[in-house]
Amino acid sequence: MTETSGIVMNSVSYSIGGRTILRNFDLQLMPGVNRTILGVSGVGKTTILKLILGLIRPDSGTISIDGTAISSLSESQLTLARKHIAIVFQGGALFDSMTVGENVGYRLIEEGLLPADKIEAIVKEKLGFVGLEKTIDLYPAELSGGMKKRVAIARALAADPRYIFFDEPTTGLDPIGVYNIQQLMLRLQEQGKTTLMVTHDMPTAFAVSDRFSFIHNAELVFDGVKDALESSEIPAVREFFAPGRSSLFTYIEEQVEV
Amino acid sequence: MPARYIEKQTLLFFSELQIIAALALKAIARIFSKPFYYREFVTQLDKIGVGSLFICSLTGLFTGMVMALQAIIQLKPFASTSYVGGMVAVTMIKELGPVLSSLMVAGRVGSAITAELGTMVVTEQVDAMRVEGTDIVKRLVTSRLKAMLIAMPLLAVVTDTVAILGGYIIASGYSISPLMYWKSLPQFMKLQDLGEALAKPVFFGFLIAMISCHVGLRVSGGAEGVGVAVKRTVVFASIFILVSDFFITKLFIAFR
């Protein structure tokens, strides 16, 4: 690894409609160190993923991917910077008008560098990895929620990225679905992929992550390992793990403000 | 207070117009560059062109029939019913054909484009495409624009043709000789009028494609946002078609 490997957010601020989502936010995702971003719903966790992917631009601060600062890149330059990143969106974000096979092979078809038979072989291999080879000719509407997420993982894998982002990958899944996703994430990590997940599903976070970031009130209030997180004395973190009466009122006040 | 409100709305309108113009420039610049997304283009051509054939034919048929009916009643006292065909033709080809078929397409296809793109935005499919390295303008906007630019003038021609046939049906019912009807068709027309008849639907198609794509790609607020966006597309596209029709007609008259 070079000195500039990894994804670095440095003092990033972002606001929308007069509401500050992130204030002087720092994050480091080093290759091989899997991280989870925690925080209550609506705190801006997904925004962090979108900022790193260049889907939205920060108001200030810098974001770099493997040494390339992306904040001022054009859309075509961003495409190159994103080459080593894939994302599994919360709802899967599969393309409705395409079959599962076309969804999985989408990036390879777009790049146009490989012949069709090679792309088909890769698609089958990736679908096999998530245990859904037989769905290749189905449309997303014919799949269950859990299957959609697994197809989204297969799609993320197709271009062999270094980093894979997961946006609430276990939301809405039954315990078996959650277990399947956890196992898939662990297998990806064994293959050398670095994962960055945003979630509030603590069992999954603890199962697949080495480090944790906690956001509260648009700021990073914790960055560390599991033991430090569990023993943290930071009030927001404590409330997150053991919500009580006071946290209910805080939550209601925040909702009213929003 | 009203002055400030008008100022704010005017600024908002022009900023929106500026964004649509920028999107249009990007979409046009990508028409002849690879990849061409043939499948997307053919799908859109089918949805816009073939899918709108029936509604445009129906519009043309009844408009032509009512035009002929009105013309016969007005011309009968002057014993000039031989001009019915010409009147139907000139009105339909120069004005009503392009405008009515465009309004139908704005309602049927423009709304569908906005709903489709809006849903893609809301379900993060557009973000997913961007992450996968797709040029969103080229894939989603240019393919629809190209299909619209080809389908719209053809639909206008179909509307005009069916309208003239509809006029003929009514004229036959009023004992007007078929020969007189068909011979009178080119009576009030010049060759330039055919150019106008094709230029208008091309421009209206451009407006529908750009407005529907722009509004669809800027949807926010979930399912409710998609509904609001669809309404905006139909209203804006219809207004822009009617307003621009006046100015295009003025332009053609100036260069006559």
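Let me start with A:Ser209, which is buried, having 24 other C-beta atoms within 10 Å, and since we are looking at a predicted model, please take what follows as computed from that model. In the chain, A:Ser209 sits in the loop between α8 (202-208) and β9 (211-216) of chain A. What does A:Ser209 touch, leaving aside residues up to four places away in sequence? The contacts are A:Asn34, A:Arg35, A:Thr36 and A:Met197, and for A:Thr36 the separation is 173 residues in sequence but 6.0 Å in space, taken from C-alpha to C-alpha.

Is α6(A) mostly covered or mostly open? Mostly covered, with 12 of its 14 residues buried, and these include charged side chains as you can see from the names, among them A:Lys148, A:Lys149, A:Arg150 and A:Arg155. The buried residues of this helix pack against β6 (85-88), α3 (100-104), α4, α5 (116-129), β7 (163-167) and α7 (175-190), which belong to chain A. After α6(A) comes A:Asp160, with a positive phi near 55°.

Now to the nonpolar core. The largest one holds 131 residues, and the members that touch the most others are A:Ile87, B:Val88 and B:Ile208. Helix α5 of chain B, residues 136-173, supplies the largest share of this core, namely 17 residues.

In chain B, helix α3, residues 84-122, and α5(B) have axes that come within 7 Å and cross at roughly 140°, and the crossing is right-handed. The residues of that contact divide into 17 nonpolar, 6 polar and 2 charged.

Finally, the contact between the chains, to which chain A gives 14 residues and chain B gives 11 residues. Which helix gives the most to the side of chain A that touches chain B? That is helix α4 of chain A, residues 106-111, with 4 residues, and by class this side of chain A has 7 nonpolar, 3 polar and 4 charged residues.

Conventions
Residues numbered from 1 in each chain as written. Chains lettered and ligands numbered in written order. Predicted model: local features only at pLDDT ≥ 70, side-chain atom pairs only at ≥ 80, totals over all residues. Contact = placed C-beta atoms within 7 Å. Helix = DSSP H or I, 4+ residues; strand = E, 2+ residues; numbered from the N terminus. Buried ≥ 20, exposed ≤ 12 C-beta atoms within 10 Å, placed from the backbone. Core = buried A, V, L, I, M, F, W, Y, C linked by C-beta atoms within 7 Å. Axes fitted to C-alpha atoms, helices over the stretch in contact; angles between N-to-C directions. Left-handed = near helix turned anticlockwise from the far one by under 90°.
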